[in-house]
Amino acid sequence: MTEDVHNQNLRARRASSFGGHAGAYAEHRPDYPVAAARWAVEPVTDPSTSRVLDLGAGTGKLTEVLLRCGFQVTAVEPDAGMLAELRRRMPRVDAREGSAEAIPMPDASFDAVLVGQAFHWFDHDRALPEIGRVLRPGGVLAALWNRDDDRVEWIEGLQEVARGEAPGTRRYDQRRLPAHPAFGAWELAEFPHAQRRTADSLTATIGTHSHTLVIPADEREALLGRIRGYLASRPETASGEFDLPMVTLTVRCVRQP
Ligand SMILES: C[S@@+](CC[C@H](N)C(=O)[O-])C[C@H]1O[C@@H](n2cnc3c(N)ncnc32)[C@H](O)[C@@H]1O
């Protein structure tokens, strides 16, 4: 197998790794700041009546924030396990099976398409025209990522341990976003965010990251054990609850007329 094929297979396995752990995902992954969601939809003239698609919605972490903002939300998600968890948690939300490359919605049916922690999994050559199809002209596409704030020393150390020898843990680079003639230039903003954690619950959060889901069970246990050990060794995290400081990177671009 060539390295390219190996990397593509690994990427596909990681992209579809979440559903087997949907309950843990919903329990342990962070939500998003309301300010980030509002900034994402700002170019739309009347956000309060906006029809918003949460694409790659997972268990509905971003859906919940969008509902809190008062938007009319539709969720689309390809993974059956994640979709089932979303429907269980939010039975009133219009949640459909589909992907960024095949969105089961009519042309121009949304004012905004938002993507939480999933844009990097899309096949952009196919997804961008498809997102452009379901957005009305002047509508907005935005993607959000929660990042642990690695300017904090204990988090920098944690990331070194968490990366371990796990495969394919290179970060998606938000400075190199894909361009498409249907969309204007990308804008980027950062929002401070935090999640209340303990050493155990933070270890569980990292256990929902795709690079820890695709490795053999014994390697996964060893990796999570090293993370637990690291957190036990740090005064900031050794006992009780603490804030995990994060930054929510948000990018947006407008659908051209
Ligand atoms: C890290 S989870 C993020 C879930 C949710 N948006 C959140 O913020 O918690 C990534 C999600 O992207 C979904 N996904 C992977 N490939 C996708 C694709 N091509 N189109 C749409 N969603 C995709 C996965 O099934 C998974 O639910």
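**Exercise 1.** In which loop is the place of Arg176, and is Arg176 buried or exposed?

*Solution.* The structure is a predicted model, in which local features need pLDDT of at least 70, side-chain atom pairs count only at pLDDT 80 or more, and totals for chains, interfaces and linings use all residues. Residues are numbered from 1 along each chain as its sequence is written, and side-chain values use heavy atoms, with hydrogens and water left out.

Step 1. Arg176 belongs to the loop between helix H7 (153-163) and strand E6 (187-197). Helices (H or I, at least four residues) and strands (E, at least two) are DSSP runs, numbered from the N terminus.

Step 2. The relative accessible area of Arg176 is 67%, so Arg176 is exposed. Exposed means over 50%, buried under 20% and partly exposed in between (1.4 Å probe, protein chains only).

**Exercise 2.** Determine the setting of His211.

*Solution.* Step 1. Helix H9 (residues 210-213) contains His211.

Step 2. His211 counts as buried because its relative accessibility is 9%.

Step 3. A polar atom of the His211 side chain lies 3.2 Å from the backbone oxygen of Ala162.

**Exercise 3.** Describe the surroundings of the ligand.

*Solution.* Step 1. The ligand is surrounded by 21 residues, a residue being near if one of its heavy atoms lies within 4 Å.

Step 2. A side-chain N or O atom of Tyr32 is 2.5 Å from a ligand oxygen atom. For a ligand nitrogen atom, a backbone N or O atom of Gly116 lies at 2.8 Å.

Step 3. The protein covers 95% of the 590 Å² of accessible area that the ligand has on its own (Shrake-Rupley method, 1.4 Å probe).

Technical notes
Polar contact = N/O pair within 3.5 Å; in protein donor to acceptor, adjacent residues only side chain to side chain.
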